[in-house]
Each structure stands twice: as structure tokens, then as C-alpha cells.
Amino acid sequence: MSDTDKPTLTNAPQMYVHYCEEEGCKAWGGWGNSPSPAVPTRWWCFEHFPHKSYEQE
């Protein structure tokens, strides 16, 4: 398939805004985690992300 075969976009892409789920934190939630596709993803900033490895600390 080439680029000329693709249909044109009819709507602009939507941006999803995720903020940290920690109470009182207003930071961008760039670190998400979900145990399975059936569970909605929860988002945290790096400071509050609960699943950091030892190397990330």
C-alpha cells in the first residue's frame, strides 16, 4: 500500500490528556499502567509512579 492509496483524514486526531492520579498532584501523567486490557489504564507522574524499578530510582 502506498501513501496515495490512503483516504484523507476527515477529523483531526484527538489528544488524550492524562494527569497524575495522586491526590493533590497537578503534574502530567506520562506513566501509565494497567494489569490487563480489560482494566482501564491509570496514570501517574514519574514522582508518584508506584511501579518503578530499582534502576529508575
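## Contacts along the chain

In the protein chain, residues 24 or more positions apart account for 12% of the contacts with a separation of 6 or more, a contact being a pair of heavy atoms within 4.5 Å. The model is a predicted one, in which local features need pLDDT of at least 70 and side-chain atom pairs count only at pLDDT 80 or more, while totals for chains, interfaces and linings use all residues. Residues are numbered from 1 along each chain as its sequence is written, and side-chain values use heavy atoms, with hydrogens and water left out.

## Secondary structure and surface

The protein chain has zero helices and two strands; these elements are DSSP runs numbered from the N terminus, with helices (H or I) of at least four residues and strands (E) of at least two. Strand E1 covers 31-33, and strand E2 covers 42-44.

Of the 57 residues in the protein chain, 11% are buried, where buried means under 20% relative accessible area, exposed means over 50%, and partly exposed lies in between (1.4 Å probe, protein chains only). The accessible surface of the chain comes to about 5300 Å², and carbon and sulfur atoms hold 54% of this surface; the areas come from the Shrake-Rupley method with a 1.4 Å probe, and for residues only the protein chains shown count as cover.

## The nonpolar core and its cysteines

Five residues, Cys20, Cys25, Trp44, Cys45 and Phe49, make up the largest nonpolar core, a term for a set of buried Ala, Val, Leu, Ile, Met, Phe, Trp, Tyr and Cys residues joined through side-chain atoms within 4.5 Å. Leaving aside neighbours within four places in sequence, tryptophan 44 is in contact with residues including Cys20, Trp28, Trp31, Phe49 and His51.

The structure holds zero disulfides, a disulfide being a pair of cysteine sulfur atoms within 2.5 Å. Cysteine 20 is accordingly in no disulfide, and its nearest cysteine sulfur, that of cysteine 45, is 3.7 Å away; cysteine 45 is likewise in no disulfide, with the sulfur of cysteine 20 as its nearest at 3.7 Å. Cysteine 20 counts as buried because its relative accessibility is 8%, and cysteine 45 is buried with a relative accessible area of 7%.

## Residues after strand E2

Histidine 48 lies in the segment after strand E2 and counts as partly exposed because its relative accessibility is 25%. Not counting residues up to four places away in sequence, histidine 48 touches Cys20, Glu22 and Cys25, and its C-alpha is 9.3 Å from that of glycine 29, a residue 19 positions away in sequence.

Glutamate 47 is also found in the segment after E2, and it counts as exposed at 63% relative accessibility. The C-alpha atoms of glutamate 47 and glutamate 22 are separated by 9.8 Å, although the two residues are 25 apart along the chain.

## Salt bridge and nonpolar patch

The count of salt bridges comes to one, by a rule that asks for a side-chain nitrogen of Lys or Arg within 4 Å of a carboxyl oxygen of Asp or Glu. The pair is glutamate 21 with arginine 42, whose closest N and O atoms are 2.8 Å apart; it links distant parts of the chain, since glutamate 21 is in the segment before E1 and arginine 42 is in strand E2, 21 residues apart. Glutamate 21 is partly exposed at a relative accessible area of 38%, and arginine 42 is partly exposed at 43%.

A nonpolar patch on the surface is formed by Met15, Val17, Tyr19 and Trp28, which together have about 490 Å² of accessible area. Patches are made of residues with over 30% relative accessible area and no salt bridge, with like charges joined within 9 Å and nonpolar side chains (Val, Leu, Ile, Met, Phe, Trp, Tyr) within 5 Å. Methionine 15 is in the segment before strand E1 and is exposed, with a relative accessible area of 65%.
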